[in-house]
Amino acid sequence: MEPMAGRASIVEVAHTDYDQYRDEYGKQLDRAVSFAGPDHDFFTRAKADELVRLVRRHLDDPRKLAALDVGCGIGLSDRHLAGRFRSLTGTDVSPGVLETAAQANPDVRYELAERERLPFGDGNFDLAFAVCVVQVVPPEERPRFVAELARVTRPDGLVVVFEHNPYNPLTRLVVRRCEFGGDARMLGMAEAERLLQWNGVTPVERGYVLLFPSRRRRVLAVERALHRLPLGAQYYVAGRPAA
């Protein structure tokens, strides 16, 4: 789960001060997922690879594109995405976690988010994505959050959200085991899809991921064959912003 949320703002933390976890965030995640076998980096890499696959499928070669990581936290996803896009930018409202992200990912540009808007112009990016962020945005703030994702993405670009699957009992256990998981209010795929549709993003692909703790080719083939079933630990919804 990447750290980011909203409190009467686009990306402001509801209750948790994520800066206090900046030095132990990875350890906390490893503790939460320890029963599953792989460490947190396995799950982060899997989502990064899935994101790149979606971009190739619906846009172009990622190396030609500008991407924005909204709610980037300490830059865990960026570690696996840096160098795979023409440019990669991360944004968050917590200055401490951005400092940690910048130290870990010197090739990524980081910008502190403003209270009411993402600090970027309309259509600045080919891709805007958020990893396990909507769940910690209060429900009344989620429409504005998604509208901002759409605003900063070009009309023929791509908006992607990854979220925990609330129907997976092991996923619910992971969230409970996280010290900073108290703000999470998980939403199902159908709710996430409606949220995008109602705020200017037309879904083009959706699926469940991380059904198995393995990235072997044959295992991935089985997982993708089952991607429509609500079995995976997480899911994604990808869509195009309205012109």
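Predicted model: local features only at pLDDT ≥ 70, side-chain atom pairs only at ≥ 80, totals over all residues.
Local features were taken at pLDDT of at least 70 and side-chain atom pairs only at pLDDT 80 or more, while totals for chains, interfaces and linings use all residues. Residues are numbered from 1 along each chain as its sequence is written, and side-chain values use heavy atoms, with hydrogens and water left out.

Helices and strands are DSSP runs numbered from the N terminus (helices H or I, at least four residues; strands E, at least two). Strands are taken to pair if DSSP finds at least two bridges between them. Strand β1 (residues 66-70) runs parallel to β2, and 5 bridges join them. Within this pairing, Ala66 has Ser87 of β2 as its bridge partner. Together with helix α3 (residues 76-81), β1 and β2 make a right-handed β-α-β unit. A crossover counts as right-handed if, with the strands pointing away from the viewer, the path from the first strand over the helix to the second runs clockwise.

Strand β2 also pairs with strand β3 (residues 109-112). These two strands run parallel and are joined by 4 bridges. Thr89 has Arg109 of β3 as its bridge partner. From β2 the chain crosses through helix α4 (residues 95-104) to β3, in a right-handed β-α-β crossover. Burial was assigned from relative accessible area (buried under 20%, exposed over 50%, partly exposed in between; 1.4 Å probe, protein chains only). In strand β2 (residues 87-92), 5 of the 6 residues are buried, so β2 is largely enclosed by the rest of the structure.

Charged pairs were examined next. Side chains of opposite charge can pair when their charged atoms come close. A salt bridge was counted where a side-chain nitrogen of Lys or Arg lies within 4 Å of a carboxyl oxygen of Asp or Glu. The whole structure holds 18 salt bridges. One of them joins Arg109 and Glu111, with the closest N and O atoms 3.1 Å apart. Arg109 is partly exposed, at 43% relative accessible area. Glu111 is also partly exposed, at 28%.

Another salt bridge joins the side chains of Arg154 and Asp126, at 2.4 Å from N to O. This pair links distant parts of the chain: Arg154 belongs to strand β5 (residues 153-164) and Asp126 to strand β4 (residues 125-131), 28 residues apart. Asp126 is buried, with a relative accessible area of 12%. The side chains of Glu223 and Arg215 meet in a further salt bridge, at 3.0 Å from N to O. Glu223 is buried, at 3% relative accessibility. Its partner Arg215 is partly exposed, at 25%. A network of salt bridges also links Glu50, Arg53, Arg57, Glu205 and Arg224.

Cysteines were then considered. A disulfide was defined as a pair of cysteine sulfur atoms within 2.5 Å. By this rule, the count is 0 disulfides. Cys72 is buried, at 0% relative accessible area. Cys132 is likewise buried, at 0% relative accessibility. Cys132 sits in the loop between β4 and α5 (142-151). Although Cys132 is not a glycine, its phi is positive, about 55°.

A positive phi, near 60°, also occurs at Leu210, a residue other than glycine. Leu210 lies in the loop between β6 (201-209) and α8. Leu210 is buried, with a relative accessible area of 7%.

Val222 lies in helix α8 (residues 217-225). Val222 is partly exposed, at 40% relative accessible area.

Ala190 and Val237 are 47 residues apart in sequence, and their C-alpha atoms are 9.3 Å apart in space. Ala190 lies in helix α7 (residues 189-197). Ala190 is partly exposed, with a relative accessible area of 45%.
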